[in-house]
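This report goes through one structure from its sheet and helices to its ligand shell. Please keep the sequence and the 3D view at hand while reading.

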Amino acid sequence: MTKLVKIGKSQVLATPLGFGANSVGGDNLFPNLNDQLGIQTVQTAINNGINLIDTAYAYGYGKSETLIGEAIKPFDRDKLIIATKGAQAIHNGKVSISNDPDFLKQCVYDSLKRLQTDYLDIFYIHFPDEDTPKDVAVAALQELKDQGIIKAIGVSNFSYEQLVEANQNGQIDVVEDNYSLIYRKPETQIFPYLNAHNIAFVPYFPLASGLLTGKYSHPIEFPEGDLRKNDKNFNGENFKAIVTATNSLKPIAKNHDISITELVLAWYIKNPNITVVIPGAKTPEQAKTNARSMNVAITNSEYNIIDNTFKSFL
Ligand code: NAP
């Protein structure tokens, strides 16, 4: 039985590995997604012991939430942890960011409809705007939390200063930011703050969009509309360095009789600064592999070897 982890000061209990759903309905991020395959992938994740699904309005501008609403229908709602995000306003086809308190409340109500549920386990302010005081934005979410409409309050993509402003009344439960073996900026300022204030951390891009799975040896050309097309890590020296470091983990993975992906995900699960790791998956097979990493126990020495292998990417 997987040990559940607590989301900050809330009562929300999640599995240490969740499912990142930006490729379920996220047509604005990846071309040629198949909706039915997306639904099957979410259901496979749940059937393989994952309880947290991470989505956002911005993934397909409502489509990901709508598909997840369909995917979770056969399951007990109260056994699932549904995390979503909002802050994007669309006017005349143009997307802007707003943290206006009333707008954020409306985002929550709209997400509830698309997800066909009457509460959200986690709602994140997806991005900071330029003018709303961050504690005022969070106070609007606290009102919804007091009413039981959301169970935990999160922020994403906030700078350290914005996070401190947002949490001045101690109301933030969870932060979701870019963090991976190859992108470790949160370690210096963000992690010490989160640990001191009992705030959970959920890293996104944990597999560096697939680079840390060990499946690459040559750079590949992504189609137009794929968010990896202009990612510098998929080209040149960066690509070579990441692939070499990742492939050097093969002997450890072999000792455990697991894939490099499972080993890398086990590193996040053992990392004391991380609460839930949310790899994305495009197929049921990938979701199954990722779920298996919850059963992998790596030693302290293996943890340190993996950590040191990527220290130069700090
Ligand atoms: P990721 O987890 O680093 O990489 C996921 C990708 O790696 C998959 O789409 C798949 O792509 C490949 N992959 C996954 N499992 C695999 C396996 N077992 N074997 C081989 N390949 C595998 O990147 P991500 O999905 O973009 O990020 C994770 C989640 O974080 C997202 O789904 C989203 O929920 C969240 N997120 C949040 C923010 C934010 O602003 N808060 C931003 C970005 C992402 P291919 O099959 O195409 O290789």
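## Helix H3 and Arg114

In this predicted model, helix H3 lies across strands E5 (81-86) and E8 (122-125), and H3 runs at about 135 degrees to E5. H3 covers residues 101-115, and Arg114 is found in H3.

Arg114 is partly exposed, because 18 other C-beta atoms lie within 10 Å. Leaving aside residues up to four places away in sequence, Arg114 touches Gly62, Glu65, Thr66 and Gly69. Ala14 is 100 residues from Arg114 in sequence, and the two C-alpha atoms are 22 Å apart in space.

## The parallel sheet

Both E5 and E8 belong to an open sheet of 7 strands, with the order E3-E4-E5-E8-E9-E10-E11 and parallel pairing. E3 (19-20) and E11 stand at the edges with a single partner strand each, so one side of each has no neighbour in the sheet.

At the E11 edge, the partner is E10 (residues 174-178), which pairs with E11 over 5 bridges in the parallel sense. Within this pair, Glu176 stands opposite Val202 in E11.

## The E6-E7 hairpin

Strands E6 (residues 88-91) and E7 (residues 94-97) run antiparallel and are joined by 4 bridges. They form a hairpin with 2 residues between them. In the turn, Asn92 has a positive phi of about 50 degrees. Ala89 stands opposite Ser96 in E7.

Ala87 is found in the loop between E5 and E6. Its phi is near 155 degrees, a positive value in a residue other than glycine. Ala87 counts as buried because it has 26 C-beta neighbours inside 10 Å, and the cut-off for a buried residue is 20 or more.

How many of the 11 residues of helix H9 (residues 260-270) are buried? The count is 10, so H9 is largely enclosed by the rest of the structure. The buried residues are Ile260, Thr261, Glu262, Leu263, Val264, Leu265, Ala266, Trp267, Tyr268 and Ile269.

Asp257 lies in the loop between H8 and H9. Asp257 is exposed, because 8 other C-beta atoms lie within 10 Å, and 12 or fewer is the cut-off for an exposed residue. Although Asp257 is not a glycine, its phi is positive, about 60 degrees.

## Around the ligand

The ligand has 26 residues around it, of which Gly20, Tyr204, Leu207, Gly210 and Gly280 come nearest. By type, the residues of this shell divide into 9 nonpolar, 13 polar and 4 charged.

Which helix gives the most to the shell around the ligand? Helix H10 (residues 284-292) does, with 3 residues.

## The chain as a whole

The chain has 11 helices and 11 strands. Along its principal axes, the C-alpha trace spans about 50 × 40 × 40 Å.

Buried residues make up 44% of the 314 residues. Among contacts between residues at least 6 apart in sequence, 75% join residues at least 24 apart.

Methods: Residues are numbered from 1 along each chain as its sequence is written. This is a predicted model: local features need pLDDT of at least 70, side-chain atom pairs count only at pLDDT 80 or more; totals for chains, interfaces and linings use all residues. Two residues are in contact if their C-beta atoms, placed from the backbone, lie within 7 Å. A residue is near a molecule or strand if its C-beta atom, placed from the backbone, lies within 6 Å of it. Ala, Val, Leu, Ile, Met, Phe, Trp, Tyr, Cys and Pro count as nonpolar, Asp, Glu, Lys and Arg as charged, and the others, Gly among them, as polar. Two strands pair if DSSP finds at least two bridges between them. Axes are lines fitted to C-alpha atoms, for helices over the stretch in contact, and angles run from 0 to 180 degrees between N-to-C directions.
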